[in-house]
Amino acid sequence: MSLDGVDLNLLPALDALLSERNVTRAAERMSVGQPAMSASLARLRKHFDDPLLVREGRTLTPTPLALSLTPLVREAVAAAEAVLGRARDFDPQVNRRSFTIMASDYVTLILLRPLVARLAQEAPLQRVNVIPVQADCAEQLHKGQIDLLVLPTEAAGGRFNYPHRHLFNDRYVLVADPDNDAVGPELSTEDFSQLPYVAYSGPLQSIADAQLDSLGISRAVEMTTHSFVIIPLLVAGTPLVSLVHERLTRCVAEQIRLRVVDPPMPLRPISEALFWSPRHTDDPSHSWLRERIAELAGEL
């Protein structure tokens with residue numbers, strides 16, 4: 001296929017449109033005006049002979065062709081940036097960048113929320129998009145669909161052959177409502193197995209539940225959730241119990257009354273790490289953001 005007559009500047013515009021599914025936000029991401037982005041969308045529609053994005057109510061929905069193009073466009077843009085877009089230096093006060101970080105809601109609350117607050121003061125030109133952890137996180141990192149991934153090294157295992165940096169450790173504690181008479185200062189493993197339990201059921205297995213399985217400890221699962229952060233809310237005011245990250249209990253302590261006790265079984269702490277693609281190791285903007293994240297992690 002010849003590229004003669006094809007404006008390759010439309011490629012990043014297409015990437016922004018497919019990612020944001022909103023002309024205004026895509027224009028902001030590309031640092032152009034909305035009319036310019038609308039004009040790019042019109043040219044792309046003509047090139048592909050397809051509307052790409054169609055309005056349904058107040059939202060824009062991608063067509064089947066647009067959905068099929070999305071991973072290819074993201075990978076092509078990432079490759080082009082790796083070849084041509086790498087700057088020799090990066091000034092966060094001058095250069096505008098948009099980063100996509102994949103992380104759990106637990107990491108988002110205790111680490112990335114402070115990061116966004118700090119960047120708003122120190123580097124307001126930078127934008128951070130956070131998306132939840134998905135089962136194909138390694139593939140998305142490889143394809144350049146995300147810039148950074150925060151994941152426990154225990155969950156990564158041997159599947160992740162990517163550069164990474166340790167951020168912080170955390171341990172699991174047992175949480176219950178303060179008025180839950182079934183949970184005292186000490187709890188046996190047998191007692192724990194009989195208590196109504198809230199289990200995490202996200203795309204990757206909870207490290208706590210994986211350890212319980214390896215120890216052969218059963219749970220009386222009464223409820224499951226895709227959110228780590230909501231578990232303390234489900235426990236408060238109910239007979240439910242669960243194992244949650246200790247740092248999370250500290251973060252919600254002022255809003256939720258909880259009884260926090262040591263688990264009756266030996267559980268190893270987890271080690272949260274920051275992963276990135278090798279193509280971004282020497283990228284000045286990525287190095288800058290990784291340092292900011294590591295600094296905040298060191299302050300936890």
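Is Thr100 buried or exposed? Thr100 is buried, at a relative accessible area of 15%, where buried means under 20%, exposed over 50% and partly exposed in between, with a 1.4 Å probe and protein chains only. Before we look at its surroundings, a word on the model itself. This is a predicted model, in which local features need pLDDT of at least 70 and side-chain atom pairs count only at pLDDT 80 or more, while totals for chains, interfaces and linings use all residues. Residues are numbered from 1 along each chain as its sequence is written, and side-chain values use heavy atoms, with hydrogens and water left out.

Let us start with the whole chain. The protein chain has 12 helices and 12 strands; these are DSSP runs numbered from the N terminus, with helices being H or I of at least four residues and strands being E of at least two. Along the principal axes, the C-alpha atoms fill a box of roughly 75 × 40 × 35 Å. The chain has 300 residues, and 45% of them count as buried. Taking the contacts (heavy atoms within 4.5 Å) with a separation of 6 or more, 75% are between residues 24 or more positions apart.

Helix α1 (residues 10-20) is mostly covered, with 8 of its 11 residues buried. Those buried residues are Leu10, Ala13, Leu14, Asp15, Ala16, Leu17, Leu18 and Glu20. Just after α1, Arg21 takes a positive phi of about 55°.

One partner of α1 is helix α2 (residues 23-30), and the two pack at an angle of about 135° with their axes 8 Å apart. Here axes are lines fitted to C-alpha atoms, for helices over the stretch in contact, and angles run from 0 to 180 degrees between N-to-C directions. The angle makes α1 oblique to α2, because angles under 35 degrees count as roughly parallel, over 145 as roughly antiparallel, 65 to 115 as roughly perpendicular and the rest as oblique. The α1 side of the contact consists of Pro12, Ala13, Asp15, Ala16, Leu17, Ser19 and Glu20, and the α2 side of Val23, Arg25, Ala26, Arg29 and Met30. By class, these residues divide into 7 nonpolar, 1 polar and 4 charged. The classes are simple: Ala, Val, Leu, Ile, Met, Phe, Trp, Tyr, Cys and Pro count as nonpolar, Asp, Glu, Lys and Arg as charged, and the others, Gly among them, as polar.

Another partner is helix α3 (residues 34-48), whose axis comes within 10 Å of that of α1 and crosses it at roughly 100°. That angle makes α1 roughly perpendicular to α3. Leu10, Ala13, Leu14 and Leu17 of α1 meet Met37, Ser40, Leu41, Arg43, Leu44 and Phe48 of α3. This contact has 8 nonpolar, 1 polar and 1 charged residues.

Most residues other than glycine have a negative phi. Asp49, in the loop between α3 and β1 (53-56), has a positive phi of about 55° although it is not a glycine. Leu52 is found in that loop between α3 and β1, and its phi is near 65°, a positive value. Asp49 counts as exposed at 72% relative accessibility, whereas Leu52 counts as buried at 1%.

Not counting residues up to four places away in sequence, Thr100 touches Asn129, Ile131, Gln145, Ile146, Asp147 and Leu148.

Trp276 sits in strand β12 (residues 270-276) and counts as buried at 8% relative accessibility. Its side chain and that of Thr281 are joined by a polar contact of 3.1 Å; such a contact is a pair of N or O atoms within 3.5 Å, where within protein one must be able to donate a hydrogen and the other to accept it, and residues adjacent in sequence count only if both atoms are side-chain atoms.

Ser277 belongs to the loop between β12 and α12 (284-299). Ser277 is buried, with a relative accessible area of 6%. Beyond residues up to four places away in sequence, Ser277 touches Leu141, Tyr162 and Pro163.
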